[in-house]
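Open your viewer, keep the sequence panel beside it, and let's take a walk through this model together. At each stop you will get something to select and a note on what to look for.

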Amino acid sequence: MLGRAIGDSEESRWGKGTCLVLTLPTIDAHHYFWDPGRREYPWLSGDLADLQRAFGPDDLQPELESEGITGSILIQTLPSLEETRELLAVAQDTPFILGVVGWVDLSAPDVAAAITGLRDGPGGERLVGLRHRVHDEVDADWLVRDDVRRGLAAVAAAGLAFDLTVRTRELPAAIATARALPGLRFVLDHLARPPIASGDLTTWGRALLAMAELPNVSAKVSGLVIEADRRTWSIDDLRHPVELAVDAFGPRRLMLGSDWPVCLLAGSYSDAIAPLRYLVAELPAHEQAEIHGGTAARVYRLGRVPAGADDAGRHR
């Protein structure tokens, strides 16, 4: 049996008597590996300081198996070609890693050459996308810079997807960029981090709906427990963002992700995955299958795309 039962022992989070059983294989479309013993991670500070230890394949594999997850997408953490090369090499030796979303300097004049260099190295065939931590940039309009747009055009020409790592502040620039580059497959990480803990999702929700109008944008239902109150969150805190995303994007443009090991700040790996599965459990089985793995396979071109499927999907 894939998945797990959620019963009365967890009613404080899931609701009395809830039971969830899944029989569909899934892809965790968003997780990380890192090792502070090998390099510095400046962002692993403050409220992330508790994660200052190594996380790798041997740590994640039991979690995937416990949830019946058969594959994953490994995501970069640093603006470093060296880190991306290492992640690709790890992916080459780790069967459950189906793809890597890496990093190149989008503002550099040689983006195409950098992509070629990554593909020519060990594990290069596992490169399925690129991303940049846009929400860390001082300039909210970083994505609309001419040099960045040229870099993104090179990403599109290489046939890769681009993960949008943005918050509400950067969503207008992300929308303009996705509209300007209709041939590039964009993936919105963590639903653009809805400010769940604040209790005010109005501005975020309006921007998300505008983003969902663009057919070349898919989104990851991931990282939500981190945006809620990490000590007291419940499934009801996640319900509105998930339901809005399903209505706006439709299952064929949504994918499931854990945000592991960052999610451990708010609970276990299962705590990050199980509520998302529960919140889409009333959808038809074929639509659940899209969120659980079909969308990730199609958008990241993992070689498991059903015949006749298109890259961007369609609105529900």
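## First stop: Arg-301

Select Arg-301, which counts as partly exposed because its relative accessibility is 43%; here buried means under 20% relative accessible area, exposed over 50%, and partly exposed in between, using a 1.4 Å probe and protein chains only. You will find Arg-301 in the segment after helix H11 (285-299). Helices (H or I, at least four residues) and strands (E, at least two) are DSSP runs, numbered from the N terminus. Check the backbone of Arg-301 too: its phi is positive, about 55 degrees, although it is not a glycine. Most residues other than glycine have a negative phi, and most peptide bonds are trans.

Before moving on, a word on the ground rules. This is a predicted model, in which local features need pLDDT of at least 70 and side-chain atom pairs count only at pLDDT 80 or more, while totals for chains, interfaces and linings use all residues. Residues are numbered from 1 along each chain as its sequence is written, and side-chain values use heavy atoms, with hydrogens and water left out.

## The whole chain

Now zoom out and colour by secondary structure. The protein chain has 11 helices and 8 strands. Of its 316 residues, 56% are buried. Among contacts (heavy atoms within 4.5 Å) with a separation of 6 or more, 78% are between residues 24 or more positions apart.

## The sheet

Select the strands. They form an open sheet of 8 strands in the order E1-E2-E3-E4-E5-E6-E7-E8, with parallel pairing; two strands pair if DSSP finds at least two bridges between them. Strand E1 (26-31) and strand E8 (254-256) are at the edges with a single partner strand each, so one side of each has no neighbour in the sheet. From one strand to the next, the twist averages 25 degrees.

Zoom in on strand E4 (residues 127-132) and strand E5 (residues 161-164), which run parallel and are joined by 4 bridges. Which residue in E5 is the bridge partner of Leu-130? Pick Phe-162 and you have it.

Next, show E6 and E7, a parallel pair with 3 bridges. Here Phe-186 stands opposite Val-217 in E7.

Then bring in helix H9 (residues 235-249) and helix H10 (residues 269-279), whose axes are 10 Å apart and pack at an angle of about 55 degrees. That makes H9 oblique to H10, since angles under 35 degrees count as roughly parallel, over 145 as roughly antiparallel, 65 to 115 as roughly perpendicular and the rest as oblique. Axes are lines fitted to C-alpha atoms, for helices over the stretch in contact, and angles run from 0 to 180 degrees between N-to-C directions.

To see the contact itself, select Ile-235, Leu-238, Arg-239 and Val-242 in H9 with Pro-275, Leu-276, Tyr-278 and Leu-279 in H10.

## The loop between E8 and H10

Follow the chain to Asp-259, in the loop between E8 and H10. Is Asp-259 buried or exposed? Asp-259 counts as buried because its relative accessibility is 1%. Its phi is positive, about 65 degrees, although Asp-259 is not a glycine. Pro-261 is also placed in the loop between E8 and H10, and a cis peptide bond joins Trp-260 and Pro-261, with omega about 0 degrees.

## Last stop: Ala-91

Finish at Ala-91 in helix H3 (residues 81-92). Ala-91 is buried, with a relative accessible area of 0%. Leaving aside neighbours within four places in sequence, Ala-91 is in contact with Ile-97, Val-100 and Arg-126. Draw one distance before you leave: Ala-91 and Gly-124 are 33 residues apart in sequence and 9.2 Å apart in space, C-alpha to C-alpha.
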